[in-house]
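Dear colleague,

I am handing over a structure to you with this email, and below it I describe what was found. Please keep it open beside the text while you read.

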Amino acid sequence: MPPSRPAVPLLTLPVMALGAAAALSAQQPPARTSAAPFTLADVRSYPYANELVAATRAPRVAWVFNSGGRRNLWTATAPDWQGRPVTRWTDDDGQEITAVSLAADGRHAVLVRGGDHDANWDLLSPVNATSRPLGAEVAIWIVPMDGGAPRSIGDGDTPVIAPQGDRVAYVRDRQLWLAPIDGSAPPRRIVTVRGDLREPQWSPDGRHLAFVADRGDHAFVGVYTNDSTPIRWMAPSTGRDNQPRWSPDGRRLAFVRRPGVGGPPDSVLHPPPLPWRLLVADVATGEGRVVWKAPATRRGGYSRMFPPGPLYAANGTLVFRSYEDGWPHLYAVRDTGGPARLLTPGAWMAEEFRLTPDGRGVLVSGNAGDTPDDIDRRHLVHVPLEGGAPRVLTPGTGLEYTPVMTGDGASVAFLGATAQQPPLPMR
């Protein structure tokens, strides 16, 4: 990890009214004192950033910026790290931008435009805020980051870019599709099996694609290789498997297993624990084994608010989240099994967490720190996997979250906010 240095914003609000950005956003309201009145228009035009991502082999970050209801993709690169827009959608049409990812070389971004992914139901139902006669769509867009118009490849969701940066896999009509990044061929369906297919995950070498086939009362993790090779199912059972994660060498898959649906009804007066396990399967054979089992307690059960979200780190280490001690903490266990180690002790919760590029540490956003009222804030924390205590990287009175390491390994980018500043990308 680099030594701690003051955070630097990648854009400031005055920038939004200058140059090419002027067409993208509403005029920013003047600064107001706490006692000054404000209008509903002021509230509705509140600017903020989200969906921050980083390229893994290039010093580039990208994020979604919403100003006056107009959502667009922005980017910044070394050495100046000055934010600039790369899309120019000019309407306040309610079309959210989600699932942003950057190719490893940073030359292309892929995103989903449309839908309502935070809804309580009908997550993929298109939002038609402007009452267009033919409605809206939930579509995959490919965006050249250094010039050129964004291009839609049609309906779809949850896109993932291959490690080589040349293909994108995604879900369409509950099945898996594949499209070349450069548009040299039309998208095509590559997997058609029973179930609602989701969570596509490329292997590190880009030769295989793991996915989940959800069949309601049970779910399998499968691996696609090519059109002529049968899908290999990872330790199939009557359980519900999800969250597949590749080992760094691509030989194993870790995933979460919960019991299948069925059996006698449970009491509504005394809800039972929601058991779950971590499994690791050999990709070549499909054989799997349990490497960790959650405590049979209500706290130790599967948390829908803070799911395990396992990560496959270096040296055969799995990092996952568990609520077993009353806080959503991170734990580490070997992929060969054994007791789990608590990585984030203390009275604070680990929310977003990502591996550092070397796979030997974790960047976490959580309400940790020694400043008064940190329990109500979010700061960035570096958690080493082999020895050493967690270290708060961004102490103070601000809010910092969504940490990513830049591709040059020199900086941590994140979203930061204060009582006076809306969420903006920082470095």
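In the hairpin of S3 and S4, which has six residues between the strands, Trp81 takes a positive phi near 55°. A strand here is a DSSP run of E with at least two residues, numbered from the N terminus. Please note that this is a predicted model, in which local features need pLDDT of at least 70 and side-chain atom pairs count only at pLDDT 80 or more, while totals for chains, interfaces and linings use all residues. Residues are numbered from 1 along each chain as its sequence is written, and side-chain values use heavy atoms, with hydrogens and water left out.

S3 and S4 belong to an open sheet of four strands in the order S1-S2-S3-S4, with antiparallel pairing, where two strands pair if DSSP finds at least two bridges between them. Its edge strands, each of which pairs on one side only, are S1 (48-54) and S4 (84-85). In general, strands of a sheet pair through backbone hydrogen bonds.

Between S3 and S4, which run antiparallel, there are two bridges, and Thr75 stands opposite Arg84 in S4. On the other pairing, eight bridges join S2 (residues 60-67) to S3 (residues 70-77), again antiparallel; here Trp63 stands opposite Trp74, and Val64 stands opposite Leu73. S2 and S3 form a hairpin with two residues between them, and Gly68 in the turn has a positive phi of about 65°. Of the eight residues of S3, six are buried, a word that means under 20% relative accessible area, with exposed meaning over 50% and partly exposed in between (1.4 Å probe, protein chains only).

Turning to the aromatic rings, the structure holds ten aromatic pairs. Rings of Phe, Tyr and Trp (its six-membered ring) pair if their centres lie within 6.5 Å, and planes under 30 degrees apart count as stacked, over 60 as edge-to-face and the rest as tilted. The rings of Trp276 and Tyr302 have centres 6.3 Å apart and planes at 85°, so this pair is edge-to-face. Both Trp276 and Tyr302 are buried, and they form one aromatic cluster together with Trp292, Phe320 and Tyr331.

Finally, Arg258 lies over the face of Tyr302, at 4.3 Å from the ring centre, and Arg172 lies over the face of Trp177, at 4.5 Å. A charge sits over a ring if NZ of Lys or CZ of Arg is within 6 Å of the ring centre and within 35 degrees of the ring normal.

With best wishes
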